[in-house]
Amino acid sequence: MSEQWWKSAVVYQVYPRSFADADGDGTGDLRGIIGRLDYIAALGVDVVWLSPVYPSPMDDNGYDVSDYQNIDPLFGTLSDFDELVAKMHERGLKLMMDLVVNHTSDEHAWFEESRTSKYSAKRDWYWWRPARPGTTPGERGAEPNNWDSFFSGSAWTYDKDTQEYYLHLFSKKQPDLNWENPEVREHVYDMMRWWLDRGVDGFRMDVINFISKITDLPDRLVSQAEVPGDGTPYDFSRPRIHEFLHEMNKAVFAPADKALVIVGEMPGVTVDDAVLFTDPARCEVDMVFEFEHMGVDRGHDKWDIVPFALPSLKASLAHWQRGLAECGWNSLYWNNHDQPRVVTRFGDDGEFRVRSAKTLGTVLHMHRGTPYIYQGEELGMTNTVFEDIDDFRDIESINHFTEATSLGEPSADVLEKLRFMSRDNARTPMQWDDTAHAGFTKGEPWIGVNPNYKVINADAQALDEDSMLWHYRRLIRLRHELPVVAHGNFTMLLEDDPCVYAFTRRLGDTELLVLGNFSSQQQHLDVPDVESWLASELLLGNVFREKYDDPPSHLAPWESRIYRRRIHRREG
Ligand code: TEU
């Protein structure tokens, strides 16, 4: 297997709570996943990314880990896990674990020891600081600096017993680990080696660019132009981040005698820094997972929803394609457990749901990078229906509702934004069939099933070769079969066109032309250098026609096509 096997791989993300429930308690589990491995294998993907299954108080659905070397009883046992790994490997699937080491749970033994006293041996494993000089500890404004948490409120929580604050970039139950302390790093590396020995094939490392911080934790700058409470200039990709990742690579990845995949989830990472993180010669990570394109419909924060404009999406993706053209590697995704469903967000989840979902898939999968499919995306699952705030489960959504309404924003307005942008849209149960609770559980699901499961479900689509599911299988096969899909260079066309997404890919004498109409109206298009495509071959489309005009001068609503041609030598 080539060293960079993951360049032609496709990743499938499983969010265990919502995938399949075998024991009927309403929450998905490892045995549920085992029961659905044939479904995953039939898609043709190479890697499964498993969101956290470690013991956790579940303040942030497992992204708050209280024991790194076990399985939460909600999800099963270590022996279920071993069986999952073995059965995945039997099917040629690799397992990528979610690794959450920027922070632990406040119920992790390390933090429990750390908080006992200022003189605890583990005090320095976290970021403890006294109140701001001249203030009264515990009062508003006394926090050591002015950073806000991603989940609303200050990033600091006061501990009355030891009269200091601890830092948490996420919830107050997710204290940040202090990576400056070499003992912390050694313990994390040991734990990672333990999972590799147990059979896992790689890690998706949660907010890994946050682990290095400017150690004096300065106040953020406050200016009109800046996001309120945004500490990002000080906590993203800070001074020692490359050193830490290189050290981890040498300590954990390099010695492993198997083909791994290492993904750095890095909110806010720049293209230039991504090149450094993923340059193979630097031995840090294999690819980044960045968020720039997830911001195209957001203003100053994720709740400031602005209208989607296709040229911004194209500009963002093209910027990354160009920036990593010579060196480095990126992930490609529309969805994950933190994002609303893409067909609702960038597509048309009404009349053209299937067609727009196929076009979104086609366009994404034909880019250069490693594509990720988030469970249910391959079925065209949509955002769900939330009647009121009690229907939400996500800490980020609920905290935002509490904060925004307490500041006077009408609850109806906040709810409307949550309905569109909340992470819970991604977290409704997987829609397996048209029986009760979409076949996800025999119990009461932990979060409501999307009411459209009778129409959108895996069983129905498995029987229909024209379905989304089959379309995704074809896209995955194209990547595996055509080197140009994985490795070809990328050229964006028609950059300013507000409705058409068009680009070429080229490797040697093979060139692909990818066209997608991102609108619910027919669109005229002028394919640049159209003559060269006259004798090309249509590889995949989503609108059936008796006769195709190749290449097309019009695309039907949400129509997409992939063409292939051979380049004659004199064209060079
Ligand atoms: O998310 C990191 C991240 O970028 C957050 O800002 C995330 O986008 C969040 O949803 C804000 O909208 C990772 C995990 O994917 C997420 O589920 C966790 O909540 C978070 O880290 C903390 O571990």
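This briefing covers model confidence, the nonpolar cores and the ligand site. The structure is a predicted model. Mean pLDDT for the protein chain is 95.

**Confidence**
- In the protein chain, 96% of residues reach a pLDDT of 70 or more.
- Residues 223-231 stay under 50.
- For residues 223-231, the model has 12 contacts beyond four places in sequence.
- Where pLDDT is low, the predicted coordinates should not be read in detail.

**Nonpolar cores**
- The largest nonpolar core holds 132 residues.
- Within this core, M192, F203 and M205 have the most contacts.
- Helix α5, residues 182-197, gives the most to this core, with 7 residues.
- Beyond four places in sequence, F203 is in contact with M96, M97, L99, M192, W195, L196, F253, V261, I262 and V263.
- Another core, of 15 residues, lies apart from the largest one. Among its members are A142, L167, L169 and L217.

**Ligand site**
- D338 places a polar side-chain atom 2.5 Å from an oxygen atom of the ligand.
- For E396, a polar side-chain atom lies 2.7 Å from a ligand oxygen atom.
- K302 has a side-chain N or O atom 3.0 Å from an oxygen atom of the ligand.

Notes: Residues numbered from 1 in each chain as written. Predicted model: local features only at pLDDT ≥ 70, side-chain atom pairs only at ≥ 80, totals over all residues. Heavy atoms only, no water. pLDDT = per-residue confidence, 0-100. Contact = heavy atoms within 4.5 Å. Core = buried A, V, L, I, M, F, W, Y, C linked by side-chain atoms within 4.5 Å. Buried < 20%, exposed > 50% of the residue type's maximum accessible area, 1.4 Å probe, protein only. Helix = DSSP H or I, 4+ residues; strand = E, 2+ residues; numbered from the N terminus. Polar contact = N/O pair within 3.5 Å; in protein donor to acceptor, adjacent residues only side chain to side chain.
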